[in-house]
Protein chains: 2
Amino acid sequence: MKQIYSIGVGLIGGSLALDIKKQDPEVVIHGISRKDATLNQALELNIIDKKAVLEDVKHADLVIVSIPVDATVKLLPTILDLIPETALVVDAGSTKLDICKAVENHPKRRNFLAMHPIAGTEFSGPTAAFEGLFIGKTNIVCEVEKTTFKLQEKALKLFTDIGMRIRYMNPEAHDKHIAYMSHLSHISSFMLGKTVIDKEKNERDIFDMAGSGFESTVRLAKSSPEMWTPIFEQNKTNVIETLEEYINNLKHFKELMEQDDFEAVFNEMKNTNHIKDILNGIA
Amino acid sequence: MKQIYSIGVGLIGGSLALDIKKQDPEVVIHGISRKDATLNQALELNIIDKKAVLEDVKHADLVIVSIPVDATVKLLPTILDLIPETALVVDAGSTKLDICKAVENHPKRRNFLAMHPIAGTEFSGPTAAFEGLFIGKTNIVCEVEKTTFKLQEKALKLFTDIGMRIRYMNPEAHDKHIAYMSHLSHISSFMLGKTVIDKEKNERDIFDMAGSGFESTVRLAKSSPEMWTPIFEQNKTNVIETLEEYINNLKHFKELMEQDDFEAVFNEMKNTNHIKDILNGIA
């Protein structure tokens, strides 16, 4: 797998390119992007070795697709049309069901591996990419049985070599769990930011008080709307369900406060403190 | 101000003690706590020099009160009763209105300075204390005009020496703004944790996916319920108002998704992205 085509050279695609190149300096990373300015930036940052266009994937050993999930759904069949019989195509999208459906009947379905590397920051674009982003992170692989065994093996080696652990899940389960663990966090953060911005017209007050927990809670509200809108659209049913439960929990907390039942308020927090042990298990 | 009595030797009280001692190694830090085990821990960690009891504050030059805000309201009048005429008493509570009211008519009101150092982590107790916590952080001082000028000056020097910038605010404004900037963040985090824990009975799924933004958003859900319950109780009106606005924003977001209006979903996020510039202003 020497000729690698990275469609999307931002935070995820760029960081994957850097890590793969570090593992094997002989690979050639070809960057593909809608925007030439982005490609030039990736080239300057040594994230890619060469600029390429979509048709060039006919020379690929590996194609990595790290673009918004709506673009992935649209582009993936064409990519599979273009690649040679021996090539592997992986995507890094935050939804998996619609993406897997988009190629379920494609004659080259067995050249595709659906995955979701659970890693990232609130930043985007080539400047956000960095070496080592994936060390110790989880890569969720869906419908592994639908990929040629040989290509599965190559992918497994590539992603474990850059430090990831692999977990297998079906696309439905992935989309449901990720709605709780990632999509809801992003919405809660965006709406927290909105609530505060709407209120605090005088930004000096935010400036002075933001140390108090706000900054980490609102961090994800810096994320790219271009990336997140299609994720919420594709995972609509699950995300709405998580939002309903979250809103109900907030309403219940507010009602307890209105009823002056601060013993119950205490217990709500005490029971959730349990999150400590769960998250400690991660480290 | 050589004889310093620290009532509460946890994250805030302990860190203040460490920083003050570092600035002036000749001060003697006397620790006071309800729990002897906590005091012993603070002694072992060199946070305090000596153990003391409440009555000992009659020998104090400075008393720092860093305990839950309900305890502060109860204890503050007694502390002022006990101290010598020249001593300064400061508190570090996350609410300011009830605390200021508790001593508004006290004969030694002018020995008290109400403050809120905007700093902290999700951890608590003496083991959570560390040197340098307050560097570059804001210390909000309320009703400064009610404190003797000489003691104001001493406090100002002490807290700027350990790296803080001072901002002045009235207690009503403090409690209103901090509800948005801190209290709401904590509730949003606790309820996010609850929503996920309720759903994800199989904790392995949390384990594998928590990298995706969840961890930072839910960080505050590790916070101490003992500390936060009285804060929410004292700041009930403001906190309920912020919760109402937050819930309405979440409901609106959910409705936009239900109506398939993803252009509006995009704009909701785009408009909140503005938080980047606000928070960049902080760094």
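I began with helix α1 of chain A, which is mostly covered: 10 of its 13 residues are buried. The model is a predicted one, and I read the entries below with that in mind.

**Helix α1, chain A**

I looked up the extent of the helix. α1 of chain A covers residues 11–23 and reaches 18 Å from its first C-alpha to its last, close to the 18 Å expected at 1.5 Å a residue. I then listed its buried residues: A:L11, A:I12, A:G13, A:G14, A:S15, A:L16, A:A17, A:L18, A:D19 and A:I20. What do the buried residues of α1(A) pack against? I found β1 (3–7), β2 (28–32), β4 (62–65) and α5 (149–161), each of chain A.

**Interface of chains A and B**

I turned to the contacts between the chains. In chain B, 89 residues are in contact with 89 residues of chain A. The two chains bury about 9,100 Å² between them, and 70% of that is on carbon and sulfur atoms. On the chain B side, B:M181, B:M209 and B:M269 lose the most area to chain A, together 9% of what that side buries.

I checked charged pairs next. How many salt bridges does the rule find across the interface? It finds 12 between chain B and chain A. I noted the salt bridge between the side chains of A:K270 and B:E226, at 3.5 Å from N to O.

Last, I looked at what makes up the side of chain B that touches chain A. Helix α6 (residues 171–199) of chain B gives the most to that side, with 22 residues. By class, that side of chain B has 40 nonpolar, 22 polar and 27 charged residues.

Terms used: Residues numbered from 1 in each chain as written. Chains lettered and ligands numbered in written order. Predicted model: local features only at pLDDT ≥ 70, side-chain atom pairs only at ≥ 80, totals over all residues. Heavy atoms only, no water. Contact = heavy atoms within 4.5 Å. Buried area = accessible area lost by both parts, 1.4 Å probe. Salt bridge = Lys/Arg side-chain N within 4 Å of Asp/Glu carboxyl O. Helix = DSSP H or I, 4+ residues; strand = E, 2+ residues; numbered from the N terminus. Nonpolar A, V, L, I, M, F, W, Y, C, P; charged D, E, K, R; others polar. Expected span 1.5 Å × (residues − 1). Buried < 20%, exposed > 50% of the residue type's maximum accessible area, 1.4 Å probe, protein only.
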